[in-house]
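Here's a quick briefing for anyone opening this structure for the first time. Have a look at it below, then read on for the places to start.

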Amino acid sequence: MSKLDTNFGFNTLAVHSGTAPDPTTGSRSFPIYQTTSFVFDDADHAASLFNLQAPGFIYSRLTNPTVAALEEKLATLEGGRGATATSSGHSADTLALFPLMTPGKELIVSDKLYGGTINLMAKSFKKFGWEAIFVDPDNPDYFRKALTKNTRAIFIESIANPGGIITDIEGISKVANEGGIPLIVDNTMATPFLCQAIDWGADIVVHSTTKFLSGQGNALGGIVIDSGKFPWRENSKYPSLSEPSSEYNGLIFAETFGDLAYTMYSHAISLRDLGCSQSPMNAWITLNGIETLPLRMERHCSNAIDVANFLEKHSSVEWVSYAGLNSSPYYELGKKFLKNGAGSVFTIGVKGGYESGIKMLEYVNLFSHVANLGDSHSLILHPASTTHRQLSEEQQISAGAGPEVIRLSIGIENVEDIISDLDQALSRL
Ligand SMILES: Cc1ncc(COP(=O)(O)O)c(C=O)c1O
């Protein structure tokens with residue numbers, strides 16, 4: 001653990017937290033511990049590590065020093081108590097729910113999410129016997145109405161992927177409190193630089209670190225951050241955390257580890273058994289990416305608002321859905337929850353519908369047509385034929401990914417070059 005003063009500002013913490021100079025070599029860049037395993041001092045030391053009685057490293061599927069540095073950095077930036085890094089954003093979703101769910105239990109999920117997450121929750125989770133109930137996130141009452149005695153969590157995105165939708169984290173967190181269940185917020189599109197969801201009532205925050213956090217489209221990863229605030233011990237709904245564990249000699253996670261119970265369980269059982277650990281190399285790339293997160297996010301957001309303003313006035317554009325625009329129904333929510341800008345991913349509807357949308361992908365030059373977002377490069381995508389393809393048309397429309405929708409992820413290039421590329425493509429339609 002570093003000895004950093006957590007009263008430092010966000011930019012300082014983004015650079016320093018979790019990554020003190022290496023005590024052995026003095027290396028200023030945090031080392032990549034590219035190893036599977038760690039040598040035990042003796043048999044007693046090994047036994048105490050395996051019994052969770054001593055802190056330390058055993059095997060990189062459970063914990064690794066480079067990955068632990070990333071966990072510490074992101075827990076600090078989100079204001080959380082502990083974190084568990086995973087191999088991808090999707091595995092973070094599964095890992096976040098693993099301590100909470102058993103067959104027959106339900107989670108209430110916003111229907112405005114990244115399409116892959118809707119698929120994961122609507123289809124694959126069914127195979128575990130986990131039932132996802134989808135509701136419109138625009139009104140916290142819809143979550144309240146969906147609560148049952150089997151509900152074990154609520155899952156939302158702070159800024160919904162694909163476009164410009166801001167979720168009322170505070171309002172929905174009140175519903176979660178009433179139901180005695182945790183609120184999980186996917187904060188990928190906002191990052192902690194724009195939104196600290198724990199301050200608004202989130203109990204658990206998840207990220208695809210693949211996006212803005214690593215920042216350059218070169219490392220898959222995910223993370224689950226625990227606020228440490230949910231009272232697992234006083235709640236009979238979560239026996240994995242509040243009842244004796246048969247695997248660790250009757251140890252009760254909530255009793256032994258207190259506000260670190262959820263994070264300890266996530267390493268000692270979820271990562272151990274599901275095996276979706278983040279590689280040290282990807283953790284290192286992401287650690288470096290986060291050092292420049294505030295600078296990049298400032299540029300992403302200022303470019304995005306300029307581009308959105310330009311597009312809103314363009315004769316070939318039907319509509320622009322970006323919470324940074326006064327015209328957006330989410331403008332006020334954006335001002336409340338997003339302190340440094342409305343992000344850089346948003347959607348537009350091009351006149352001429354589906355056909356024009358497809359042509360637009362072909363006509364742009366600076367933009368890359370890829371299934372990613374949050375890269376320093378500007379990216380373009382047609383969600384209905386790609387990321388949201390597996391959804392029904394009804395699900396696509398309710399997720400903001402109808403047939404005419406184009407998603408833009410505005411990069412950090414010169415804004416006049418981004419605008420000029422879009423302008424030439426639109427004028428050819
Ligand atoms: C908001 C959001 N959450 C989760 C994911 C899944 O992340 P990954 O691709 O790292 O598995 C994505 C991917 O696009 C996303 O946009």
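Predicted model: local features only at pLDDT ≥ 70, side-chain atom pairs only at ≥ 80, totals over all residues.

**Around Glu78**

- Glu78 sits in helix α3, which covers residues 65–78.
- Is Glu78 buried or exposed? It counts as buried, because it has 25 C-beta neighbours inside 10 Å, and the cut-off for that label is 20 or more.
- Asp199 is 121 residues away from Glu78 along the chain, yet the C-alpha atoms of the two are separated by 8.8 Å.

**The ligand and its surroundings**

- The ligand is surrounded by 15 residues, and the closest of them are Ser88, Gly89, His90, Ser208 and Thr210.
- Which elements give two or more residues to this shell? They are α4 (89–97) and α5 (115–127).
- Sorted by class, the shell has ten polar residues, three nonpolar ones and two charged ones.
- Helix α4 is largely enclosed by the rest of the structure, because nine of its nine residues are buried.
- Gly89 and His90 are on the list of buried residues in α4, along with Ser91, Ala92, Asp93, Thr94, Leu95, Ala96 and Leu97.

**Strand β2 and its partners**

- Strand β2 runs over residues 106–110 and is mostly covered, with four of its five residues buried.
- On one pairing, β2 goes with strand β3 (residues 131–135) in the parallel sense, over five bridges.
- To find that pairing in the model, look for Glu106, whose bridge partner in β3 is Glu131.
- Helix α5 comes up again here: β2, α5 and β3 make a right-handed β-α-β unit.
- β2 also runs parallel to strand β4 (residues 151–157), and four bridges join the two.

- How is the protein chain divided? Domain 1 takes in 10–100 + 182–289, and domain 2 takes in 294–428.
- Taken over C-alpha atoms, the centres of domain 1 and domain 2 are 32 Å apart.
- Contact between the domains involves 15 residues of domain 1 and 15 residues of domain 2.
- On the domain 1 side, the elements that give two or more residues to this contact are α1 (10–16) and α8 (191–194).
- The domain 1 side of the contact has nine nonpolar residues, five polar and one charged.

**A five-stranded sheet**

- Five strands form an open sheet in the order β10-β11-β14-β13-β12, and their pairing is mixed.
- Which strands are at the edges? The edge strands are β10 (317–321) and β12 (368–369), and each of them pairs on one side only.
- β12 runs parallel to strand β13 (residues 379–381), joined by two bridges.
- Within that pairing, Ser368 stands opposite Leu379 in β13.

Note on methods:
Residues numbered from 1 in each chain as written. Near = placed C-beta within 6 Å. Nonpolar A, V, L, I, M, F, W, Y, C, P; charged D, E, K, R; others polar. Buried ≥ 20, exposed ≤ 12 C-beta atoms within 10 Å, placed from the backbone. Pairing = 2+ DSSP bridges. Right-handed = clockwise from strand over helix to strand, strands pointing away. Domains from an automatic or database assignment. Contact = placed C-beta atoms within 7 Å.
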